[in-house]
Amino acid sequence: MEEYSVLMSVYEKENPVFFRDSIESMRKQSLPFSDFVLVCDGPLGKELEEIVQWAESCLGERFQCIRLPENRGLGKALAEGITHCRHDIVARMDSDDLSRPERCRLQMEAMERGGYDIVGCALEEFRETPGDTGHVRLSPEHQEEIRVYAGKRNPFNHPCVMYRKSAVLKAGNYVDFPGFEDYCLWIRMLQKGAKAYNLQQVLLDMRSGEGMYDRRGGISYIKSVLRFQKYLKCEGIIGTGTFLKNCAVRTIVGIIPGNLRKEFYRIFLRKKQ
C-alpha cells in the first residue's frame, strides 16, 4: 500500500485531553502513517503546547509542526498544511475526534481498489464516551449519488476523509469560506473530475457537545449559509427552486433555539444505530 500523511489543525480553544486522545487514535491505526502534519493555527496555551511536545517526542521524524503567527481559521490553516504533506494520499483528522483502528487501512484499500481521489466514511457522534448517542452520520456511497447529494447537503464527513493531495491542489486547495471550507472544496473537486466514494462503515467517533449545535445558528452563521447557497447556484450545482428552498430551511434552522436545532438534526439528519 502507498504511504500516507495525516493532516490536523489545532488552535488555542481546543481541549488538551481531547487533542492528545485524537493523536493517539491515529497512532493506533492498523495501517501506520509515515508523516503527521500538525498546523498550529495561532499561538497555543501551555497545556496544548505540552501535547505538541509530547507528539513530537513520540513521532520523531514523522512529525511536522507548522506554526501560523495568528489564528487564520480552518480553511487557511489546512490550505497551508496540505502543501507540507510529504505524500499524495492524505488522511484528514480533527483535533478532538477519535479514529477507529481500521479507518485508514480500509480507506486506503478502497482508494487503491477503485482509483478514487477522495474516500469518506460514516461517523458516529458521542458526548462523553463513544457509542453513548447511537447517532450515525452516513453519506451517499457512489459517485452519481454523491454528485446529486452535493446540491442538498455536504456529501462527505470532513473529519474522516482521505484524499489525494494532487486532486485537492488541482481544485484550488482549501479557500477561506468560514463554515463551508470543506464543502466548497468537494464541489470544486467534483467539478474537476475527482473520483469519489464513501464507505458505509462507521470509522470515526466525533464529539458532539452542545457547542456543535450552537455554532450552527445565529446571524453570522446564517449569512455564511446564504452566501454558500448563492455560490452553489452560481456554479450551477442547484437551480433557483432548490436555492430558495435551501435558504428558507437553513434560515429557519439557524434562528430556532439551540435545543430545538439539536432535535432537528437528531430526528431528520441522523440515523439511530
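Modeller: Let's start with burial. E125 is buried, and R137 is buried as well. Buried means under 20% relative accessible area, exposed over 50%, and partly exposed in between (1.4 Å probe, protein chains only).

Colleague: What do the side chains of E125 and R137 meet in?

Modeller: A salt bridge, at 3.4 Å from N to O. E125 lies in strand β6 (residues 118-126) and R137 in strand β7 (residues 135-137), so the pair ties together parts that are twelve residues apart in sequence. The term salt bridge stands for a side-chain nitrogen of Lys or Arg within 4 Å of a carboxyl oxygen of Asp or Glu. Helices (H or I, at least four residues) and strands (E, at least two) are DSSP runs, numbered from the N terminus.

Colleague: Before we go on, what kind of model is this, and what pLDDT do local features need?

Modeller: It is a predicted model: local features need pLDDT of at least 70, side-chain atom pairs count only at pLDDT 80 or more, and totals for chains, interfaces and linings use all residues. Residues are numbered from 1 along each chain as its sequence is written, and side-chain values use heavy atoms, with hydrogens and water left out.

Colleague: OK. How many salt bridges does the structure hold?

Modeller: Twelve. One of them joins R164 to E2, with the closest N and O atoms 3.6 Å apart. That pair links distant parts of the chain, 162 residues apart: R164 is in strand β8 (residues 162-164), and E2 is in the segment before β1 (4-10).

Colleague: And R164, buried or exposed?

Modeller: R164 is buried, at 16% relative accessible area. E2 is partly exposed, at 35%.

Colleague: Which residues are linked with R164 in a network of salt bridges?

Modeller: E2 and D88.

Colleague: Next pair. What does D176 form a salt bridge with?

Modeller: K76, with the closest N and O atoms 3.9 Å apart. D176 sits in the loop between α6 (165-170) and α7 (181-191) and K76 in helix α3 (residues 74-82), so the pair ties together parts 100 residues apart in sequence. D176 is partly exposed at 40%, and K76 is partly exposed at 41%.

Colleague: Switching topic. How many residues has helix α4?

Modeller: Twelve, residues 103-114. Helix α4 reaches 17 Å from its first C-alpha to its last, close to the 16 Å expected. The expected span is 1.5 Å times one less than the number of residues.

Colleague: Which residues of α4 are buried?

Modeller: R103, C104, L106, Q107, M108, A110, M111 and G114.

Colleague: What comes just after α4?

Modeller: G115, with a positive phi of about 65 degrees.
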